[in-house]
Amino acid sequence: MSIEVRHLTHAYAKGTALQTVALDDISFTVREGEFVGIVGHTGSGKSTLVQHLNGLLKPTSGQVLVDGEDLNGEKVDRRALRRRIGLVFQYPEYQLFEETVARDIAFGPKNMGLPADEIDRRVRRAMESVHLDYAKYAESSPFELSGGQMRRVAIAGVLAMEPEVLILDEPTAGLDPRGRDRILTMLEELRARDHTTVLMVSHSMEDMARLADRLLVMSEGRLAADGTPREIFGRPELMRSVGLDVPEAARLCAALRQRGYDLPPDLYRMEELRGCLLRLWKEGNAC
């Protein structure tokens with residue numbers, strides 16, 4: 001499943017004195033199995049962008065193509081496409097409403113008209129995916145769980161629809177370090193197991209360094225850059241120009257290079273920087 005965005009523009013309150021252009025001529029393609037990070041300063045258009053990718057918002061101009069088919073074409077079954085492209089909003093736990101965890105997760109599959117045994121299978125698999133034990137939590141009230149657990153229940157509700165593409169808008173926002181790590185580990189495992197295509201909005205460059213194959217950098221409604229994390233984080237001046245920073249490892253690498261250490265300029269993960277420094281120490285020369 002591929003998603004192609006062609007010259008996407010979106011204006012809120014179009015034709016009025018309050019018109020605001022949130023997206024301006026955005027084009028990119030997401031290939032099957034990619035993990036794409038979407039980064040940008042607050043107000044750069046990230047959330048508006050992802051809401052176009054499953055048809056929640058319609059372009060003012062331009063197109064969003066899913067497997068070559070215009071998402072907003074007259075003959076497109078948008079409901080079916082939204083099952084294939086799951087969207088997890090920021091703070092999705094605010095949308096929990098059922099009496100038990102299992103019933104909340106089952107809500108989507110039930111609306112798909114699936115048989116009871118298939119719904120049960122999907123609920124169990126989704127709970128396993130988000131590291132919630134079925135026997136322990138299925139009949140619990142979601143409102144008695146911790147904030148991180150509630151977040152995972154909400155994500156499980158989307159996973160139970162078994163989407164081919166998963167879009168997440170700031171999935172770790174507001175979580176403590178343990179809750180944040182659980183979400184990131186879950187996404188790593190999900191991708192390894194199901195080869196799910198993932199797009200994730202985040203302000204955390206550390207999360208992007210850990211997960212993303214590719215980064216889209218947004219600034220004032222435009223696509224400022226599109227490249228691998230190594231390419232993007234290797235341009236700290238670009239990141240600073242759009243109000244962002246690079247991961248801690250990239251900053252440390254730059255500082256060490258200024259002090260005379262012969263390090264590659266494009267390191268951005270702490271484990272690779274650590275390995276490089278160890279080799280440099282052992283060899284007494286460039287790593």
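The structure holds 23 salt bridges, each being a side-chain nitrogen of Lys or Arg within 4 Å of a carboxyl oxygen of Asp or Glu. This is a predicted model, in which local features need pLDDT of at least 70 and side-chain atom pairs count only at pLDDT 80 or more, while totals for chains, interfaces and linings use all residues. Residues are numbered from 1 along each chain as its sequence is written, and side-chain values use heavy atoms, with hydrogens and water left out.

**View A. R122 and E118 pair up within helix α4.** Their side chains form a salt bridge at 2.9 Å, N to O. Both sit in residues 116-129, four residues apart, or about one turn of the helix (helices are DSSP runs of H or I, at least four residues, numbered from the N terminus). R122 is buried at 10% relative accessibility (buried means under 20% relative accessible area, exposed over 50%, partly exposed in between, with a 1.4 Å probe and protein chains only).

**View B. R210 forms a salt bridge with E188.** The closest N and O atoms are 3.0 Å apart. This pair links distant parts of the chain, with R210 in helix α8 (residues 205-211) and E188 in helix α7 (residues 177-194), 22 residues apart. R210 is partly exposed at 30%, and E188 is partly exposed at 32%.

**View C. Here R251 meets D245 in a salt bridge.** Their closest N and O atoms lie 3.6 Å apart. R251 is partly exposed, with a relative accessible area of 39%; D245, at 37%, is partly exposed too.

**View D. A network of salt bridges links R31, E34, R214 and D226.**

Definitions and conventions:
Helix = DSSP H or I, 4+ residues; strand = E, 2+ residues; numbered from the N terminus.
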